Amino acid sequence: MSPTRWDFPVELCCRPMAFVTLTGLDVVYNAVHRAVWDAFCANRRADRVPISFKVLPGDHEYPKCRSKRTSYEWYIPKGILKTGWMNKHLNLVPALVVVFYELDWDEPQWKEKQSECATRVEIVRQSLQGRNTKVAVVLIQKKAPLPPGEDVIASERAAALCNVCELSGKSLFVLPHTDHLVGYIIRLENAFYEHAQTYYYTEIRRVKSHKEFLNKTTHQICRLCFQHNTPLDAIAQFRKHIDLCKKKIGSAELSFEHAAWMSKQFQAFGDLFDEAIKLGLTAIQTQNPGFYYQQAAYYAQERKQHAKALCNHDASVTYPSPDPLETQTGVLDFYGQRPWRQGILSFDLSDPDKEKAGILAIQLKERSVVHSEIVITLLSNAVAQFKKYKCPRMKSHLMVQMGEEYYYAKDYTKALKLLDYVMCDYRSEGWWTLLTSILTTALKCSYLMAQLKDYITYSLELLGRASTLKDGQKSRIEKNLMNVLMNESPDPEPDCDTLAVKTAQKLWADRVSLAGSNVFTIGVQDFVPFVQCKAKFHAPSFHVDVPVQFDVYLKADCPHPIRFSKLCVSFNNQGYNQFCVLEEASRASEVLENLTQGKMCLVPGKTRKLSFKFVAKTEDVGKKIEITSVDLVLGSESGRCVVLSWQGGGGDAASSQEALQAARSFKRRPKLPDNEVHWDSIIVQASTMIISRVPNISVHLRHEPPALMNEMYCLVVTVQSHEKSQIRDVKLTAGLKPGQDANLTQKTHVTLHGAELCDESYPALLTDIPVGDLHPGEQLEKTVYVRCGTVGSRMFLVYVSYLINTTVEGKEIVCKCHKDETVTIETVFPFDVAVRFVSTKFEHLERVYADIPFLLMTDVLSASPWALTIVSSELQLAPSMTAVDHLESQVDKVVLQTGESASECFCLRCPSAGNVEGGVATGHYIISWKRASGMDSIPVIRTVITLPHVIVENIPLHVNADLPSFGRVRESLPVRYHLQNKTDLVQDVEISVEPSDAFMFSGLKQIRLRILPGTKQEMLYNFYPLMAGYQQLPSLNINLLRFPSFTNQLLRRFIPTSIFVKKLAIEYLGRRGDSWMTPLLLLRDDQDQPSVFRQRPQGSAYETHCDLEL
Amino acid sequence: MAVCIAVIAKENYPLYIRSTPTENELKFHYMVHTSLDVVDEKISAMGKALVDQRELYLGLLYPTEDYKVYDYVTNSKVKFVMVVDSSNTALRDNEIRSMFRKLHNSYTDVMCNPFYNPGDRIQSRAFDNMVTSMMIQVC
């Protein structure tokens, strides 16, 4: 038997196609027939129906059908499926025989032709004696057919032909030989395919009725099911098939054959499944070809085991001769038949000698099979599938199996590569049992190859806490590891191939003799080594003037104590590395000595604390010091040594989960002696900040908040040293604290010089102002002036830095210390300014009249909590305004307390300005002020207030009156009215004076007159008061004929309507000397110039003549 | 009756795993581990919606030649895996379901123990006994 004994025969692996024979075609000499044949065969594309065609002569002899027996017992020799059966049905026995015949419906010699055709059909039937093969007739016609139903002759003749040939109407076809040949052929083909399928279905039903008959057809059934897109049916059929055959192991001596056969079955199904997927079937995670390849691999492994058990013959056993596996013909009659039973036609198969020889022959053949190769191929097939269907863990598992298989196959390099690749998956998910198993295999591989670094790495982890090995095993591994570190060979791993061990021992011996390159650095953060490490700074930050302290905690998980030769810690600033090395001159031989004492020895389960300290560099102030790695050296550098390198402050692949669990735990830990700690309670702290020395100075701020807008706000900084030695290079930084609103920076200015106002060019923050040195206890003062251009609150920073010499751990360092103070200062408006326009009679004005004097009143209301001095005030008039009076300030040197106000009044006139939209500009009011408490040197602040615009209106006639400030009863009171025409027109004016009870008067009571443009008219009246007190004057009524809008109400704004009338002076002479307030009155002089308030000069003769009615 | 019962933490490491002593323990470890592929996929397919209404029992994950693997996921994503011999056809879905429910109850009891730190390996006699009662008895 060939090694491909378990491969499927060719006919089983091809796509099954319906077999159809064509007869009556002369493809050699007849061009028409040739064309028809070509259309059938040439360029068959995949979308055409699966038929294999063959042209045969009409009288071709088909395989004869044997007569069937009623009982299976009749068949001798026994067998299920003959080897030729598949081929017979695929290539010899057609499903359909087609008879081609040239015949047109209007054939003149119809009768003759019809009978010739019938004869041909009959011949074909004869040769198919006993088969169920269908027969069909195709008439090749020269004429294109008429539409169905129109050709009466055609339908009649067709019926007749069918009758003669004993054909059903469905089996008669017409092939017109026209331009559309290929189209007709395809339609024909489809019809043929239907017929063929009917045939095969009947055949399958017939075959299935043979109850044992299921074996090899499964393959084809499954393939068909996949092709018909019913994968579940295919899987079900396969399961049925497997369940049936699983238990039929056959001969015990040849049980590997069964395993091999099962393996092949699964592989074949996997291939079929995969093929179907390539053709568009979608598989899922739980049902994909990978499972079948995997199972196939398992059976292949089983085969290997059986073979190992059954085929372990001595070398002396020779292959039997003659070869019982050779047959005369080289082929077998039946599938699965034993070659030596070929042709035996008896029920009794047991020829014991022959059987024995046969079995031995098969067993010896099996020995030469490379089982591992088969297994690995199958596994790698499965890996590819599981990778595709998102099964990472299944993939890892299979890769482990592949690795193990490579190990058995002695391909240790490949085995290690695979195992190493998947190890981290198991490690990261915490499946320690599985990891241990993989590591054990890996350790064997690395031993057998004498791979030092790998051997050490796997040993480290197998000794670690993640390993589930028993202590005895661990002891052995630890001993081996120590041997390796002492430049000796380790003992072989158990259960290794003896031959391989011999090779390995030689390799190890070679390694020992080689010197140099014996330092192995192993980054342990990605696995779980047997030494754990945690580094912890004592505090998250250290002042630069105290030593930085940290501890490194170590714990060994191996069964025996272990010595290390060196421990070094590396930092991000490598300058510190030299201070953190722990080294002890120890000879390699001491490593194993059971020294439980001493710093360099780790006792299993005990936490060892190693403390370090160093002085941080002053330039590292404000920086982070980070432990970048902790390196623990095992073994000596002279022999072999291993550097276990932890990244950062320790921790390995399992420690983060352990830390999490420890943090969650409520369990009370048992009390330990004072100098010991619980491993779980140690939290890694791998970095610390270096911060500056604590300053020992005081910084005080003296100031008077709030600040007033635009003033030079005074901030007095007092710095006092409490240090024990002199401090140098004291520097002050003061101003707006950075990081606030950007607008504040534009509107805040700081200076040291308060004598001048600072402008935009000054900075918001003054930095590093040197203020000299300070002796212990000494203090200094510095004044800073701040000008705030806007109101609101601001944060100010005062930062004092200095240098001081100090000693840490006997080392002199210069420390830079600093202290800062922050203060929030509110800025407010110093005062509110209100401006009003009033008439000369102090009546509120919405608008002013052109050329008529009015009053501008300003009120300055102090809003400052501190007293303000108004140094001066100034009114700057706009060009459109003119002052009636002198504009000197009336509030010079006035001190305003909180809430007090200072008012001023200016008499102004606005010449006619036409009708200006939005009014006429008035000008600016400027107040110069400072804090009352401020020193003289502090500059005065000028606050400029823009005065509101005022609406100016023209008036046609201006009237003003000249009259004394008071009258006296029964004394003549002359009153002169001036009427002035302000227009360019001649004005007709009607004037009347209404009588009053309080006065008699002389003058024109009613008059009509004309006033020329720009001229003035005077009216003189002589009033004679009759009563004392405020009396209503006889009212003057003016009516302008041209300006009816000029009303008496308007008139009353300009002229007085009443006057104070005193009683006769003689009557009250006795009251003299009383210091009564004298009334304020508005007086007008002859020049029609209104004046400001004036007090009458005190002590005048008139002043004493006061009235009781006051 | 089961041949292997395992409890897997949310982070997919084993909290408890026990298999029949007659067979290779490692094989069951691998089987349970690989079954997590399917569990992960099923959980992610369920999505976050309707967490409290979802079915805890995930049913048969996949049949292998010799074993059937069933799974059950608690709301806190702790997984119970049960491996049953394929030849054991007497065991129906309903029974598996009730076995899981019993297991879940027992697990809840373990969690209620104030001395148990969630995430640690389960070491409880009561839980052991419960698992033993569900395992194939080996005489």
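## Strand β5 of chain A

Strand β5 of chain A covers residues 172–176, and four of its five residues are buried, so the strand is largely enclosed by the rest of the structure. This is a reading of a predicted model. Strand β4 of chain A, residues 134–141, pairs with β5(A) in the parallel sense, over five bridges. One of the contacts between strands can be located by residue: V137(A) has L172(A) in β5(A) as its bridge partner.

## Chain A as a whole

Chain A has 1110 residues, and buried residues make up 46% of them. Its secondary structure comes to 21 helices and 46 strands.

## Strand β17 and its partners

Strand β17(A) pairs with β8(A) and runs parallel to it, with three bridges joining the two. Within this pairing, H543(A) has I691(A) of β17(A) as its bridge partner.

Strand β17(A) also pairs with β15(A), which spans residues 624–635; here the sense is antiparallel, again over three bridges. I625(A) is the residue that stands opposite T688(A) in β17(A).

## Salt bridges within chain A

Over all chains, the count comes to 31 salt bridges. One of them is formed by D545(A) and R693(A), whose closest N and O atoms are 3.5 Å apart. D545(A) sits in the loop between β8 (541–543) and β9 (548–556) of chain A, and R693(A) in the loop between β17 (687–691) and β18 (697–702) of chain A, so this pair ties together parts that are 148 residues apart in sequence. Which of the two residues is buried, and which partly exposed? R693(A) is buried, at a relative accessible area of 13%. D545(A) is partly exposed, with a value of 22%.

A salt bridge also links K609(A) with D551(A), with 3.9 Å between the closest N and O atoms. K609(A) belongs to strand β14 of chain A, residues 607–614, and D551(A) to strand β9 of chain A, so the pair ties together parts 58 residues apart in sequence. D551(A) is buried, with a relative accessible area of 4%, whereas K609(A) is partly exposed at 45%.

In another salt bridge, the side chains of R909(A) and D851(A) meet at 3.9 Å, N to O. The pair links distant parts of the chain, 58 residues apart: R909(A) is in strand β33 (residues 901–909) of chain A, and D851(A) is in the loop between β28 (848–849) and β29 (854–862) of chain A. R909(A) counts as partly exposed, at 32% relative accessibility. D851(A) is also partly exposed, with a relative accessible area of 31%.

## Where chain A meets chain B

How many residues of each chain are in contact with the other? Chain A contributes 29 residues and chain B contributes 25. The size of an interface is often given as the accessible area lost when the parts come together. For chain A and chain B, the buried area is about 2,600 Å², with 54% of it on carbon and sulfur atoms.

Between the two chains there are twelve residue pairs in polar contact, both residues at pLDDT 80 or more. On the side of chain A that touches chain B, the elements that give two or more residues are α8 (231–246), α10 (289–310), α13 (392–408), α15 (432–449) and α19 (655–664) of chain A. Helix α13(A) has the largest share, with five residues. By residue type, this side of chain A divides into twelve nonpolar, ten polar and seven charged residues.

## Salt bridges between the chains

Three salt bridges are counted between chain A and chain B. In one salt bridge, the side chains of E41(B) and K390(A) meet at 3.2 Å, N to O. A network of salt bridges also links residues from both chains: R393(A) and E429(A) with D37(B) and D40(B).

Key
Residues numbered from 1 in each chain as written. Chains lettered and ligands numbered in written order. Predicted model: local features only at pLDDT ≥ 70, side-chain atom pairs only at ≥ 80, totals over all residues. Heavy atoms only, no water. Contact = heavy atoms within 4.5 Å. Buried area = accessible area lost by both parts, 1.4 Å probe. Salt bridge = Lys/Arg side-chain N within 4 Å of Asp/Glu carboxyl O. Polar contact = N/O pair within 3.5 Å; in protein donor to acceptor, adjacent residues only side chain to side chain. Nonpolar A, V, L, I, M, F, W, Y, C, P; charged D, E, K, R; others polar. Buried < 20%, exposed > 50% of the residue type's maximum accessible area, 1.4 Å probe, protein only. Pairing = 2+ DSSP bridges.
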